[in-house]
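User: I would like to learn how to read the features of a protein model one by one, with the general idea first and the particular case after it. Could we begin with strands and how they pair?

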Amino acid sequence: MIVLCLIVILIASIIYCRYQTYRLVEKHFLVEKNTQLSIKKGESSTYTIAQISDSHFSPFYQPERFTKIVTQLNQAQPEIVLFTGDLIENYNYWQTHDCTAISRQLAKIQASVGKFAILGNHDYRSDGAAVVKKMLLDGGFTLLENQSILVDGISLTGIDDAQEGTPDYAVKTLPASFSLLMIHEPDQVKNIADISSFDLILAGHSHGGQIRFPFFPYKNYGSKIYDKGIYPLTITTSLVVNTGLGTTGPPLRFRVPPEILYFHIEKGSE
């Protein structure tokens with residue numbers, strides 16, 4: 001009887017984890033910049049920046065599953081869409097599969113001002129970086145590699161991945177009313193000397209632990225300090241860690257469903 005109960009519990013747990021794995025959550029935040037930076041839950045008709053991360057396209061996360069992500073993003077009508085790395089799990093798989101299916105899905109994402117991306121550590125695996133870059137470019141994304149650009153009055157910076165890339169932490173922001181930084185691994189903020197030059201820093205990588213047990217959440221390398229949610233770093237700078245869309249390792253999630261984050265900002269506020 002005890003063994004039977006354990007089997008039932010195990011099966012129920014796996015079913016619940018599979019449900020969590022594909023239960024997409026959308027979160028909206030109001031971002032106000034005055035003498036301090038304020039991020040609070042809420043939605044408005046102001047300028048909208050959407051962040052997605054860590055799709056980890058793989059045998060367990062095929063391009064057709066991304067259709068829901070595209071639909072939700074396009075319904076929200078963001079001005080800018082940002083992708084913070086780990087497009088694929090491992091290029092070893094995609095060498096013999098249709099990479100163009102991923103690009104076609106990315107190309108369906110609509111953003112009136114633009115779509116921008118950085119690479120994550122998994123994008124480099126099995127020498128996949130060049131192919132991942134092509135998939136992103138073919139999907140209409142601009143890749144930021146240790147550089148800052150002005151996008152509709154916003155300073156947008158992207159720094160390369162710490163584990164597999166060649167990050168340049170000395171990259172400077174451009175003069176703008178709002179400054180945003182994309183990094184893949186949230187703990188990279190420790191290496192940025194002029195952290196206060198950025199208003200909002202967006203990261204992924206952690207999956208929020210992916211299988212997040214109470215009291216003992218798993219924290220992988222690169223997100224040991226910051227792994228989920230909003231972290232005020234200074235009174236004018238905050239880091240937000242996105243739990244991502246896909247999975248790595250077991251294709252299961254527990255207590256951290258996949259998410260799309262939306263940031264509604266007033267570009268001209270100071």
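Analyst: Strands (E, at least two residues) and helices (H or I, at least four) are DSSP runs numbered from the N terminus, and two strands pair if DSSP finds at least two bridges between them. This is a predicted model, in which local features need pLDDT of at least 70 and side-chain atom pairs count only at pLDDT 80 or more, while totals for chains, interfaces and linings use all residues. Residues are numbered from 1 along each chain as its sequence is written, and side-chain values use heavy atoms, with hydrogens and water left out.

User: Which strands pair with S12, and in which sense do they run?

Analyst: Strand S11 (residues 229–232) is joined to S12 by 4 bridges and runs antiparallel to S12, and the hairpin between S11 and S12 passes through 5 residues. Strand S10 (residues 200–203) is also joined to S12 by 4 bridges, but here the strands run parallel, with Ala203 having Val241 as its bridge partner.

User: How do the side chains of S12 point, and are they buried or exposed?

Analyst: In a regular strand the side chains alternate between the two faces of the sheet. In strand S12 (residues 238–241), Ser238 and Val240 point one way, Leu239 and Val241 point the other way, and all are buried. Buried means under 20% relative accessible area, exposed means over 50%, and partly exposed lies in between, with a 1.4 Å probe and protein chains only.

User: What is the order of the strands in the open sheet, and which strands are at its edges?

Analyst: The open sheet has 7 strands in the order S2-S1-S13-S3-S4-S5-S6, with mixed pairing. Strand S2 (37–41) and strand S6 (142–143) are the edge strands, since each pairs on one side only. Within this sheet, strand S3 (residues 47–52) pairs with strand S13 (residues 259–265) in the antiparallel sense over 5 bridges, and Thr48 has His264 as its bridge partner in S13.

User: How many salt bridges does the structure hold, and which residues does Lys27 join?

Analyst: A salt bridge is a side-chain nitrogen of Lys or Arg within 4 Å of a carboxyl oxygen of Asp or Glu, and the structure holds 6 of them. In one of these, Lys27 is joined to Glu259, with the closest N and O atoms 3.1 Å apart. That pair links distant parts of the chain, since Lys27 lies in strand S1 (residues 25–33) and Glu259 in strand S13, 232 residues apart. Lys27 is partly exposed at a relative accessible area of 31%, whereas Glu259 is buried at 4%.

User: Which elements do the buried residues of H2 and H4 pack against?

Analyst: Packing is read from contact, meaning heavy atoms within 4.5 Å. The buried residues of H2 are Ile69, Val70, Gln72, Leu73 and Asn74, and they pack against S1, S3, H4 and S13. In helix H4 (residues 100–107), Ala101, Ile102, Ser103, Gln105 and Leu106 are buried, and the buried residues of H4 pack against helix H2 (67–76), helix H3 (91–94), strand S5 (114–118) and H5.

User: What is the volume of the largest cavity, and which residues line it?

Analyst: Rolling a probe the size of a water molecule over the atoms shows where empty space is left. On a 1 Å grid over the protein atoms alone, a cavity is a set of points where a 1.4 Å probe fits but cannot get out, a pocket is an open set with protein on both sides within 12 Å along at least five of seven lines, and lining residues have an atom within 4 Å of a point. The largest cavity has a volume of about 40 Å³, the volume being the space filled by probe spheres set on the points, and its lining consists of Thr21, Tyr22, Phe60, Tyr61, Leu245, Gly246, Thr247 and Pro251. The largest pocket has a volume of about 220 Å³ and is lined by 19 residues, of which His207, Gln210, Tyr218, Asn220 and Thr248 lie nearest its centre.
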